[in-house]
Structures are given as C-alpha cells and as structure tokens.
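Please read the following report alongside the sequence and the structure shown here. It goes from a single pair of residues to the sheet around them, then to the whole chain and its charged pairs.

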Amino acid sequence: MHGEYKVPGGKLVVVDLEVEGGALLNVRVAGDFFLEPDDAILSINDALEGAPSSTDTAGLAARITAALPESTVMLGLTAEGVGIAVRRALAHATEWSDYDWQLVHVEPQAPALHMALDEVLTAEVAAGRRAPTLRVWEWASPAVVIGSFQSLRNEVDPEGTAKHGMTVVRRISGGGAMFVEPTSTITYSLSVPEALVSGLSFADSYAYLDDWVLGALGDMGIKAWYQPLNDIATDAGKIAGAAQKRMVGPDGGPGAVLHHVTMSYDIDADKMLEVLRIGKEKMSGKGTRSARKRVDPLRRQTGLAREQVIENMIASFRNRYGLAQGHITPAELSRAQELAAAKFSSEEWTARVP
C-alpha cells in the first residue's frame with residue numbers, strides 16, 4: 001500500500017507499507033523533508049511497525065513522537081503528517097496526478113446558476129461521468145451568498161441588498177456569507193472524487209485541497225497560510241474563505257467533494273457593512289473598524305489586475321497537476337438552469353433557515 005500527503009506549508013511525506021494480521025508491516029517512510037539526526041527515520045519506521053491498522057492519525061502520531069529522541073529536528077515534516085500518510089495508504093487514497101483535470105472558465109453567470117452548477121458538476125463527478133474539475137467563476141451581477149445553515153434574517157440586511165441591487169442566494173455548502181461584486185471577487189470550485197481526500201479528516205481536507213493556491217499566491221509574492229477551519233490568511237489579514245459539501249455516489253457508493261473558495265480581490269467595505277449584518281460574536285465587540293480590517297484584498301497585496309491573478313492561479317494549477325480546457329455539456333447546463341429556477345431562485349430554499 002502506498003500513501004502520500006503534502007504537509008500544509010511543508011514537504012511531501014510518502015509511506016509504503018503492508019498489512020498482515022491487522023497490523024502494519026514493512027513500513028517505510030520517505031519524502032523531501034529534512035530530518036535530524038539521520039537515524040530518526042528508522043525510529044519513525046520502527047514506531048509504526050506492528051501498530052494496529054485501525055490506529056487513527058492521533059494514535060500513530062503519538063507512537064512516532066514517543067519513539068523519537070529529544071534532539072530530533074523536523075523541517076517540513078510532522079508526526080501527524082506521517083500519520084495522515086499512513087491512513088491515506090490504508091484507505092487506498094488517490095493522488096492529484098492520478099486524474100486528468102479539466103478547467104471550466106466561461107462567460108459570467110447569474111448567482112443562482114453558479115449555485116446550481118456547483119451541485120450539478122459535483123454530482124457528475126460523483127457519478128463518474130465528469131473528470132475532476134476546476135471551475136473558475138465569473139459573476140454576472142453582485143450577490144450575497146449565504147451558507148446552507150445560516151439564518152437569512154441574521155446575516156442579510158434586506159434594505160442594503162435592495163439599495164445596492166444585490167441578489168441573495170443560498171448555497172449547498174456550509175460556512176459564512178459571501179459579499180460578491182463581479183470585478184472585486186475571485187471564486188473557484190473544485191469538484192473532486194472522494195478518493196482524493198480519503199484518509200484525511202474533514203478539517204485536514206480543507207488545507208489539502210487549497211495547498212496549490214497557497215503556492216500560487218507565494219509565486220505572486222504573498223506569504224499565505226491556512227487558518228483553521230476554512231480561511232486563507234496573510235500577515236495583513238484574511239483574503240479568502242472556503243466551504244465544502246460531500247455528495248454520495250450512485251447507489252450510496254463513493255462520491256465526490258465540492259470545495260469552493262471566495263477570494264477578495266478588492267472590497268467596498270462600506271457597502272459590505274450595509275449589506276451584511278456582521279455578528280457581534282464574529283467581531284468580538286471590536287466594531288466597524290475591525291469589520292473593515294477582517295479582509296485584506298488581493299489587489300493591494302499583489303498590485304496585479306484581477307484577470308492576471310486568475311491567470312496566474314490557473315497556470316500554477318496546470319504546472320502542478322496538468323489541466324485541460326473543459327466545458328459544461330448541454331445536458332449539464334440544462335439541468336443547472338432547471339435547478340437555478342426551481343431551487344436556488346426560490347424563496348423556499350433561500351429562506352429555509354429564516
């Protein structure tokens with residue numbers, strides 16, 4: 001069995017192993033990390049040898065930590081990262097390079113249609129009819145997008161949305177509200193087979209699926225990191241938020257994961273504060289000034305045009321994993337248009353949590 005895991009902000013960990021009698025056997029850990037002293041790698045292997053194959057990530061990490069000498073120095077490597085690589089090997093997880101990735105980047109779409117496309121394309125991946133897909137959104141109009149479980153009245157000011165001509169839609173994933181203006185927002189979705197995140201906890205899968213974009217930001221001079229559970233941040237503040245939805249496959253079999261991210265290229269903070277009701281708990285009582293400072297736009301941090309930032313992000317993904325130009329099929333578009341009208345534009349869905 002073979003498992004790989006890229007430690008967020010660190011290096012690749014590779015584990016090869018066998019299982020016999022419910023125990024790990026012939027465990028070999030490798031990777032491009034740095035580790036001192038040299039024979040610490042043997043201590044890691046020995047710590048995992050004979051461990052019950054049911055041991056969770058925390059248990060595997062504890063075995064490794066207990067076996068390492070106090071003088072051990074790990075760079076780009078963590079005991080938990082090794083444990084995750086082991087769990088991914090046992091789960092027969094796939095890797096990014098196992099797939100022929102498709103890019104969907106088309107003309108601007110209405111907010112409700114974007115919600116529907118996320119659902120339809122991810123369902124197609126779950127059914128095995130669509131290759132794993134990176135979809136870069138273009139917005140036809142401004143919007144407020146609320147999470148699946150958020151209260152409409154608690155999150156959105158109807159007078160503010162009417163004043164600024166903003167459509168309010170509810171997405172299928174959890175998380176917080178998104179304030180969207182077409183030229184000020186960068187949004188993308190990943191629709192991926194569930195096997196890609198096998199062996200990862202729900203929380204770990206967020207950072208794993210966005211490691212590529214941290215690299216892309218780094219290439220543009222931005223040192224960014226994942227801030228659990230679902231934010232991408234820099235020293236200047238938050239620049240993006242992520243959300244996920246898991247879908248089962250046909251007949252309840254292995255499914256797919258929808259992972260989408262909204263990044264703030266630019267932001268009209270005054271307008272945002274008229275449209276969104278920034279909760280007191282979220283702001284910890286720090287007031288309007290803190291609300292403005294919570295998000296620090298990419299425009300200021302990069303000095304690049306929005307289109308160039310998107311182009312750089314797509315190029316980074318392509319260089320890492322390969323990326324062919326794809327499209328939305330007529331059948332997918334027809335189904336999405338039906339969903340946009342019947343579900344995502346309906347008061348029943350939008351106000352399902354009043």
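Which residue is the bridge partner of Val145 in S10? In this predicted model, the partner of Val145 in strand S10 is Met178. Strand S8, which covers residues 143–146, is joined to S10 by three bridges, and the two strands run antiparallel.

These strands belong to an open sheet of three strands, arranged in the order S9-S8-S10 with mixed pairing. Strand S9 (167–170) and strand S10 (178–180) stand at the edges and have a single partner strand each, so one side of each is left without a neighbour in the sheet. On average, and with direction ignored, neighbouring strands of this sheet are turned by 20 degrees against each other. Helix H4, made up of residues 111–126, packs on the sheet and touches S8 and S9, and its direction makes about 15 degrees with that of S9.

The protein chain as a whole contains 15 helices and 16 strands. Its radius of gyration is 22 Å, close to the 20 Å that the globule rule gives for 354 residues, so the chain is as compact as a globular protein of that length. Buried residues make up 51% of the 354 residues, and among the contacts with a separation of 6 or more, 71% come from residues 24 or more positions apart. The chain exposes about 15,900 Å², of which carbon and sulfur atoms supply 51%.

Side chains of opposite charge can pair when their charged atoms come close.

| Salt bridge | N to O distance |
|---|---|
| Glu274 and Lys163 | 3.0 Å |
| Arg299 and Asp266 | 2.9 Å |
| Glu338 and Arg335 | 3.6 Å |

The salt bridge between Glu274 and Lys163 links distant parts of the chain, since Glu274 lies in helix H9 (residues 269–275) and Lys163 in helix H6 (residues 158–163), 111 residues apart. Glu274 counts as partly exposed at 31% relative accessibility, whereas Lys163 counts as exposed at 59%.

For the salt bridge of Arg299 with Asp266, Arg299 lies in helix H12 (residues 298–302) and Asp266 in the loop between strand S15 (256–264) and H9, so the pair ties together parts that are 33 residues apart in sequence. Glu338 and Arg335, by contrast, are three residues apart in helix H14 (residues 330–344), and are therefore separated by about one helical turn. Finally, Lys6, Asp211 and Arg320 are linked in a network of salt bridges.

Definitions and conventions:
Residues numbered from 1 in each chain as written. Predicted model: local features only at pLDDT ≥ 70, side-chain atom pairs only at ≥ 80, totals over all residues. Heavy atoms only, no water. Pairing = 2+ DSSP bridges. Helix = DSSP H or I, 4+ residues; strand = E, 2+ residues; numbered from the N terminus. Axes fitted to C-alpha atoms, helices over the stretch in contact; angles between N-to-C directions. Contact = heavy atoms within 4.5 Å. Rg over C-alpha atoms; globule rule 2.2 N^0.38 Å. Buried < 20%, exposed > 50% of the residue type's maximum accessible area, 1.4 Å probe, protein only. Areas by Shrake-Rupley, 256 points an atom, 1.4 Å probe, with all protein chains shown as cover. Salt bridge = Lys/Arg side-chain N within 4 Å of Asp/Glu carboxyl O.
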